[in-house]
Amino acid sequence: MLQGKNPMPALSIAKTHGSRNDILVVDGAPDDHFAPGDLVRAIVKLCDRRRGLGSDGVYFVADNSDGTARAWFYNPDGSPALLCGNGMRCVGRILLDRHQAESTVVHTGPYSFTVRAAETTEHGVRQVSVELPAVNFTPDDPIVANVAWPFVDRLLPAFHSTRHVSALAVPNSHLISVIDAYEETELVETGQRVATSPDVFPIGANLSFVLPLSPTEVFIHTFERGAGLTPSCGSGIAASRAVLSRLGLAAPEQPVLVRNPGGIARSWLQPVGEEWQPILEGNATVVYRMQLDPAALLGDGPITFTGEADMAEINAFALLSNENLKSLQAAGVNPTVV
């Protein structure tokens, strides 16, 4: 902590998830709570599933109290990222509840995200929709080296011997492969090849396998750079949805039901000029809320906190999740639920 300064205020934290993508949402900007030299250390301990609270990332949110907010996202290793689509759903949900609003705008980096309330499921699961940045099939930073752009539905031996792949930014870099049968070991092996081939994939990329189940329903599983298999990846859903339309497999404005190992979502594309802007709709579940002394994240001792779990939300999502897994099993898909 900074010497000679007043103690940093307590952290007000909500543990949330979008399709089991665990996100901690912290009230206030990062420098409201931590000196710059302490921030990474604090985030790593927060996200640690043994020593901390356990999560796939942290959003700090400064509420402007005028229907807008500014947010900063950090990966579990403390590195900043422009976007977490599932996490943005959770940030928006908290702001919508706080202001009893139907929509809110969240600014992060150069982007603005409009989050809207969506219909609650029959299980009692709260849902929101978020407008993500327009997809980009010709990104300034090439996701694949030494190829012509756009790079859509092509065979690339360094990626896979038989699977075609498309590359795009949302703005996170993504590789999307539409498949005819799902094998989890194949997804992992392909994702590891991408991660260990910087000469071909110079900035790294998340990899999603997309298995069509019907004209309006797909299964998506994502191998995230630096994380491996994930229950769900919001920007991966958006990128996959754009590739489906680029390949003529779904009309842009047709809502497509997406089944992930971690839950279900819907996604479609709205035209903005010559671009496609993805809409991602799905659960934004609050697991618990708590107060935490930030000093606890800078010491070596265990984290202690006061808080209360929201069992109604937890149980409602469990019903929805079990239903989703049964539907996948009936389709012959048995993914690992991370």
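1. Is serine 65 buried or exposed? At 58% relative accessibility, serine 65 counts as exposed. The scale runs as follows: buried is under 20% relative accessible area, exposed is over 50%, and partly exposed lies in between, with a 1.4 Å probe and protein chains only. Serine 65 sits in the loop between strand S3 (58–63) and strand S4 (68–74). Its phi is near 60°, a positive value in a residue other than glycine.

2. A word on the model. It is predicted, so local features need pLDDT of at least 70 and side-chain atom pairs count only at pLDDT 80 or more, while totals for chains, interfaces and linings use all residues. Residues are numbered from 1 along each chain as its sequence is written, and side-chain values use heavy atoms, with hydrogens and water left out. Helices (H or I, at least four residues) and strands (E, at least two) are DSSP runs, numbered from the N terminus.

3. Serine 19 also has a positive phi, near 50°. It is found in the loop between strand S1 (11–18) and S2. Serine 19 counts as buried, because its relative accessibility is 1%.

4. Two peptide bonds deserve a look. Most residues other than glycine have a negative phi, and most peptide bonds are trans. The bond from tryptophan 149 to proline 150 is cis, with omega near 0°. Proline 150 is in the loop between strand S8 (127–131) and strand S9 (154–155). The bond from valine 170 to proline 171 is cis too, with omega near -5°. Proline 171 lies in the loop between strand S10 (164–169) and strand S11 (173–178).

5. Now the largest pocket. Its volume is about 1,000 Å³. A pocket is an open set of points on a 1 Å grid over the protein atoms alone, where a 1.4 Å probe fits, with protein on both sides within 12 Å along at least five of seven lines; lining residues have an atom within 4 Å of a point. The volume is the space filled by probe spheres set on the points, which are joined across faces, edges and corners. Of the 43 lining residues, Asn75, Ala81, Asn172, Asn206 and Arg225 are the closest to the centre. Strand S2 (21–27), strand S5 (80–81), strand S14 (228–230) and helix H4 (234–246) each give two or more residues to the lining.

6. Helix H5 (residues 311–330) has 20 residues. It reaches 29 Å from its first C-alpha to its last, close to the 28 Å expected at 1.5 Å a residue. The expected span is 1.5 Å times one less than the number of residues. Buried residues in H5 include Glu313, Phe317, Leu320 and Leu328. Just after H5, glycine 332 takes a positive phi of about 85°.

7. The whole structure holds 5 aromatic pairs. Rings of Phe, Tyr and Trp (its six-membered ring) pair if their centres lie within 6.5 Å; planes under 30 degrees apart are stacked, over 60 edge-to-face and the rest tilted. Phenylalanine 60 and tyrosine 74 form an edge-to-face pair, 5.9 Å centre to centre, with 85° between the planes. Phenylalanine 60 lies in strand S3 and tyrosine 74 in strand S4, so the pair ties together parts 14 residues apart in sequence. Both phenylalanine 60 and tyrosine 74 are buried.
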